[in-house]
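Hello,

Here is the structure I promised to pass on. My notes on its charged side chains follow below.

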Amino acid sequence: MTVVLRTRRLRLRELTRADVDALGAVLGDPDVMRYYPAPFDRRKTTEWIERNIASYADNGFGLWAVIVEADGSFAGDCGLTLQDVAGRTEMEVGYHVDKALWGQGFATEAAAACRDHAFDVVGVERLVAIVDARNVASRRVAEKIGMRVAEEIERGGRPHLVYATTRARDF
C-alpha cells in the first residue's frame with residue numbers, strides 16, 4: 001500500500017479495494033454522513049474507492065485512507081479532489097473521520113497535511129473546502145487549517161460555504 005503522507009500521529013495511504021468494509025463503516029454511519037443526502041451502502045463505498053483509485057492514476061491525488069499510527073486502526077479518509085464550484089474547477093480538501101475518534105484532532109491533522117501537499121507537491125495556488133453550512137465541526141476544521149469563507153453556494157438544495165486559502169497565506 002502506497003503511503004502518501006505522514007503526520008505526527010497519522011499515516012495517509014492510498015485506498016484499496018480491501019478497504020471497503022473499514023471505509024464503509026465510516027461512510028455508512030448516519031452521524032458521519034449527516035450532511036450528505038444519505039449514508040453510503042457497500043455499493044456506494046466501493047464506487048467511492050474506485051473513483052479515488054482512478055484519481056490516483058489520472059491526477060496523482062485523491063482521498064486517502066487515514067490510519068492511526070499508534071495502533072494501525074482505520075480512522076477515515078482525507079485528501080484532495082477536483083470539484084465544480086460555481087462553474088470553476090477547484091481543488092478541495094475533504095475529510096471523514098470515524099465517529100468513535102471525533103474530538104481528537106485527527107481531521108485537522110490530516111487536512112493540514114493535505115493542504116501542505118496541495119501547495120508544496122501538487123502546486124495549486126488555491127485550496128477550498130466545501131462545507132454544508134450547518135456542519136459546525138467541519139467548518140472548524142477548515143478554519144483551523146487557515147481557511148476562511150470565500151462564498152456561499154447551493155448544493156443539493158442546501159446552502160454550503162466554500163472555505164478557501166491560498167499558497168501565499170501564512171499558516
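Start with the network: salt bridges link Asp29, Asp31, Arg34 and Lys99. Keep in mind that this is a predicted model. Over the whole structure, the search gives 17 salt bridges.

Glu69 and Arg11: their side chains form a salt bridge, 3.0 Å from N to O. Glu69 sits in the loop between strand 3 (63-68) and strand 4 (74-85), and Arg11 in strand 2 (residues 10-14), so the pair ties together parts 58 residues apart in sequence. Glu69 is partly exposed, at 30% relative accessible area.

Arg88 and Glu151: here the N to O distance of the salt bridge is 2.5 Å. Arg88 belongs to strand 5 (residues 88-97) and Glu151 to strand 7 (residues 148-155), so this pair ties together parts that are 63 residues apart in sequence. Arg88 is partly exposed, with a relative accessible area of 32%. Glu151 is partly exposed too, at 21%.

Arg115 and Asp116: the side chains meet in a salt bridge at 2.9 Å, N to O. Arg115 counts as buried, at 8% relative accessibility. Asp116 is partly exposed, at 30% relative accessible area.

Last, Glu109. This residue is in helix 3 (residues 106-122). Is Glu109 buried or exposed? With a relative accessibility of 15%, Glu109 counts as buried, because the cut-off is under 20%. Its side chain makes a polar contact with the side chain of Arg9, at 2.6 Å. Leaving out residues up to four places away in sequence, Glu109 touches Thr7, Arg8, Arg9 and Leu10.

Best wishes

Technical notes. Residues are numbered from 1 along each chain as its sequence is written. This is a predicted model: local features need pLDDT of at least 70, side-chain atom pairs count only at pLDDT 80 or more; totals for chains, interfaces and linings use all residues. Side-chain values use heavy atoms; hydrogens and water are left out. Helices (H or I, at least four residues) and strands (E, at least two) are DSSP runs, numbered from the N terminus. Buried means under 20% relative accessible area, exposed over 50%, partly exposed in between (1.4 Å probe, protein chains only). A polar contact is a pair of N or O atoms within 3.5 Å; within protein, one must be able to donate a hydrogen and the other to accept it, and residues adjacent in sequence count only if both atoms are side-chain atoms. Contact means heavy atoms within 4.5 Å. A salt bridge is a side-chain nitrogen of Lys or Arg within 4 Å of a carboxyl oxygen of Asp or Glu.
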